Amino acid sequence: MNSNVAAFFPEMSAISGESDATACGEPVMEWEHSCPACLENDSGAHGQKLFEAIQSDDLSDELLLQRTGHGDRDSLTFLFRRHAASIRHVGYRILRNRAEADDLLQDVFLFLSRRAALFDPSKSSAKSWIIQMAYHRAFDRRRYLSARHFYRAEELKDEVLNPSRD
């Protein structure tokens, strides 16, 4: 693991046997390290370093989900980048409506931001848990829409807009 990642994820350096110290030698005790010496060396590029670390797949979904559970918004952002297309696809396949699939996507990530601490890595991988949450929420949404005749209204609208002439 490179030092950029270790500055943001001290728990990973503890797992890999590296020291929990930053460039200034102080131990990392909080999510954000604000030592003036480190900030000078870093030149305010904390977000860029985190972005590079995650883009290089150094961080697992499980770790990102754990950090999201602790309130880290950047981790949620990178989970979104990794899984948004899959969740939107699941939503479209179940709901058969692009706008509803987009709403489902937003709903799933809102759920993750609030309830990421519920994830148990001993039961499944983070990716399968996220997709499972998307399926459950999509089926709930489809039942809700069906009970309110959403799909029937779409069929009626199509018939009104495109009447077949006999």
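Read along the sequence, the chain runs α-α-α-α-α-α-α-α-α. That makes nine helices and zero strands, where helices (H or I, at least four residues) and strands (E, at least two) are DSSP runs numbered from the N terminus. This is a predicted model, so local features need a pLDDT of at least 70 and side-chain atom pairs count only at pLDDT 80 or more, while totals for chains, interfaces and linings use all residues. Residues are numbered from 1 along each chain as its sequence is written, and side-chain values use heavy atoms, with hydrogens and water left out.

Confidence comes next. The mean pLDDT of the chain is 74, and 57% of its residues reach 70 or more; pLDDT is the predictor's confidence in each residue, from 0 to 100. Over residues 1-5 the pLDDT stays under 50, and the model gives this stretch twelve contacts beyond four places in sequence, a contact being heavy atoms within 4.5 Å. Residues 11-22 are also below 50 in pLDDT, with 26 contacts beyond near neighbours in sequence.

As for the chain as a whole, 33% of its 166 residues count as buried. Buried means under 20% relative accessible area, exposed means over 50%, and partly exposed is in between (1.4 Å probe, protein chains only). Of the contacts between residues at least 6 apart in sequence, 52% join residues at least 24 apart.

In soluble globular proteins, nonpolar side chains tend to be buried together. Here the largest nonpolar core has 29 residues, and Leu-65, Ile-87, Phe-109, Leu-112 and Trp-129 have the most contacts inside it. Helix H5 (61-69), helix H6 (73-95), helix H7 (98-115) and helix H8 (126-147) are the elements that give two or more residues to this core. Such a core is a set of buried Ala, Val, Leu, Ile, Met, Phe, Trp, Tyr and Cys residues joined through side-chain atoms within 4.5 Å. Setting aside neighbours within four places in sequence, Phe-109 touches Leu-76, Leu-79, Phe-80, His-83, Ala-84 and Ile-87. In H5, the buried residues are Asp-61, Leu-63, Leu-64, Leu-65, Arg-67 and Thr-68. H5 is followed by Gly-71, whose phi is positive, near 95°.

Then there are the charged pairs. The structure holds six salt bridges, each a side-chain nitrogen of Lys or Arg within 4 Å of a carboxyl oxygen of Asp or Glu. One of them joins Arg-67 and Asp-72 at 3.1 Å, N to O, and both of these residues are buried. Another links Arg-88 to Asp-102, with the closest N and O atoms 2.8 Å apart. Arg-88 sits in helix H6 and Asp-102 in helix H7, so this pair ties together parts that are 14 residues apart in sequence. Arg-88 is partly exposed, at 36% relative accessible area, and Asp-102 is partly exposed too, at 37%. A further bridge brings the side chains of Arg-143 and Asp-140 to 2.4 Å, N to O. Both lie in helix H8, three residues apart, about one turn of the helix. Arg-143 is exposed, with a relative accessible area of 55%, whereas Asp-140 is partly exposed at 42%.

Most residues other than glycine have a negative phi, and most peptide bonds are trans. Arg-96 is a non-glycine residue with a positive phi, near 60°. Arg-96 lies in the loop between H6 and H7 and is exposed, with a relative accessible area of 52%. Asn-97 lies in the loop between H6 and H7 as well, but counts as buried at 14% relative accessibility. A polar atom of the Asn-97 side chain lies 2.9 Å from the backbone nitrogen of Ala-99. Further along, His-149 is in the loop between H8 and helix H9 (150-161). His-149 is also a residue other than glycine with a positive phi, near 60°.

Definitions and conventions: Polar contact = N/O pair within 3.5 Å; in protein donor to acceptor, adjacent residues only side chain to side chain.
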